Amino acid sequence: MRTRLFKLLFESDSRTAKAFDIGLVILIFLSVGIVMLDSIESYHPRYGNLFFYAEWCITVLFTIELALRIYSLQKPWLYLKSFYGIIDLLAILPTWLTLIVPGTHTLIVVRLLRTLRLFRVMDMMILEGEKRLLLDAMIRSRHQILLFLFTVLLVVTIFSSVLYLVEPAEAGFTSIPTAIYWGIVTLTTVGYGDITPVTPLGQFISVGIMLTGYSIIALPVGIFSAEVIRALREERYSNEACPGCGKDHHERDARYCKFCGTWLDEDTIDPRKNAKSPET
């Protein structure tokens, strides 16, 4: 029974498991939609009771689902400390908290994070590998992107400080933080127009910031693309979840979980259990 539950709740390689995941995502969107509709002033007096009972029914279903996930794992505490485990817990807490602290039901929108489970269903559209590839590329390029953002912030701060010195307060440059806001809006080519330089020097600096924005805006895209190509060459991981802790991202030829040491093939018996003690 635990093995069957594990395959249904954590795997997506069967039609039943995929249907369960899709149904779960639909239920999540339905729950968040109820909270949004309930916040509309004209709907609450007429449908408030309906929204209330519907939300509690969904919360009970989510609570049962989380209990089954915990039951199906050999090491459930590791799952509860994982990203998805925390999200699953947060998905049911707001409604239960309303019994103690009224008004916390609006936090139910955090359930939208559970739609990240939709990525597990994407393998039926042959997108699981691409999802993992993009995530790996984002993680690998984080240092270069952070350095890029720091450099951009430094440039914006310098240009904006100069604008604060040369522009009058009547133009909107009342402080350096306000000037930095203008610099970011200008560099990203958004240009709200709520703050505008009026002096020739200020306008010249504005042109420099705009041209700088056009010249560097494609840089993080190039960094990310390079990491995607690198990840394509090194793709070697499987999306099979561990029956012990529920975590995935193991090498395709791995036999044991690298996080908790559990035997990964739930259809066969762990050879360590059959191993005989050595003769003395």
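Is F10 buried or exposed? I looked it up: F10 counts as buried, because its relative accessibility is 6%. My cut-offs are under 20% relative accessible area for buried, over 50% for exposed, and partly exposed in between, with a 1.4 Å probe and protein chains only.

**Ground rules.** I am working on a predicted model, where local features need pLDDT of at least 70, side-chain atom pairs count only at pLDDT 80 or more, and totals for chains, interfaces and linings use all residues. Residues are numbered from 1 along each chain as its sequence is written, and side-chain values use heavy atoms, with hydrogens and water left out.

**Entry: the whole chain.** I noted 12 helices and 2 strands in the protein chain. Helices (H or I, at least four residues) and strands (E, at least two) are DSSP runs, numbered from the N terminus. The order along the sequence is α-α-α-α-α-α-α-α-α-α-α-β-β-α. Of the 280 residues in the protein chain, 35% are buried. The exposed surface comes to about 17200 Å², and carbon and sulfur atoms supply 69% of it; these areas come from the Shrake-Rupley method with a 1.4 Å probe, and for residues only the protein chains shown count as cover. I also looked at contacts (heavy atoms within 4.5 Å). Among those in the protein chain with a separation of 6 or more, 57% are between residues 24 or more positions apart.

**Entry: F10 and S72.** Back to F10, which sits in helix α1. I checked its C-alpha against that of P243: they are 8.3 Å apart in space and 233 residues apart in sequence. Leaving aside neighbours within four places in sequence, S72 is in contact with R2, L5, F6, L9, F10 and P243. S72 counts as buried because its relative accessibility is 4%. I also have S72 and T3 with C-alpha atoms separated by 6.8 Å, at 69 residues apart along the chain.

**Entry: α1 on α2.** How do helix α1 and helix α2 pack? Helix α1 (residues 2-10) meets helix α2 (residues 15-38) at an angle of about 55°, with axes 7 Å apart. That makes α1 oblique to α2. For the record, axes are lines fitted to C-alpha atoms, for helices over the stretch in contact, and angles run from 0 to 180 degrees between N-to-C directions. Angles under 35 degrees count as roughly parallel, over 145 as roughly antiparallel, 65 to 115 as roughly perpendicular, and the rest as oblique. On the α1 side I listed K7, L8 and L9, and on the α2 side T16, A17 and F20. By class, this contact has 4 nonpolar, 1 polar and 1 charged residues. My classes: Ala, Val, Leu, Ile, Met, Phe, Trp, Tyr, Cys and Pro are nonpolar, Asp, Glu, Lys and Arg are charged, and the others, Gly among them, are polar.

**Entry: the cores.** Which residues have the most contacts inside the largest nonpolar core? I got F6, F10, F62, L73 and Y79, in a core of 14 residues. A nonpolar core here is a set of buried Ala, Val, Leu, Ile, Met, Phe, Trp, Tyr and Cys residues joined through side-chain atoms within 4.5 Å. Helices α1, α2 and α3 (44-72) each supply at least two residues of this core, and α3 gives the most, with 4 residues. There is a second, separate core of 13 residues, and V156, L163, W182 and L187 are among them.

**Entry: α9 on α10.** Helix α9 (residues 176-187) packs with helix α10 (residues 200-216) at about 50°, axes 8 Å apart. The two helices are therefore oblique to each other. From α9 the contact uses W182, G183, T186 and L187, and from α10 it uses S206, I209, M210, T212 and G213. I count this contact as 4 nonpolar, 5 polar and no charged residues.

I184 lies in α9 and counts as partly exposed because its relative accessibility is 41%. G208 lies in α10 and is partly exposed, with a relative accessible area of 24%. G208 and T186 are 10.0 Å apart, C-alpha to C-alpha, and 22 residues apart in sequence.
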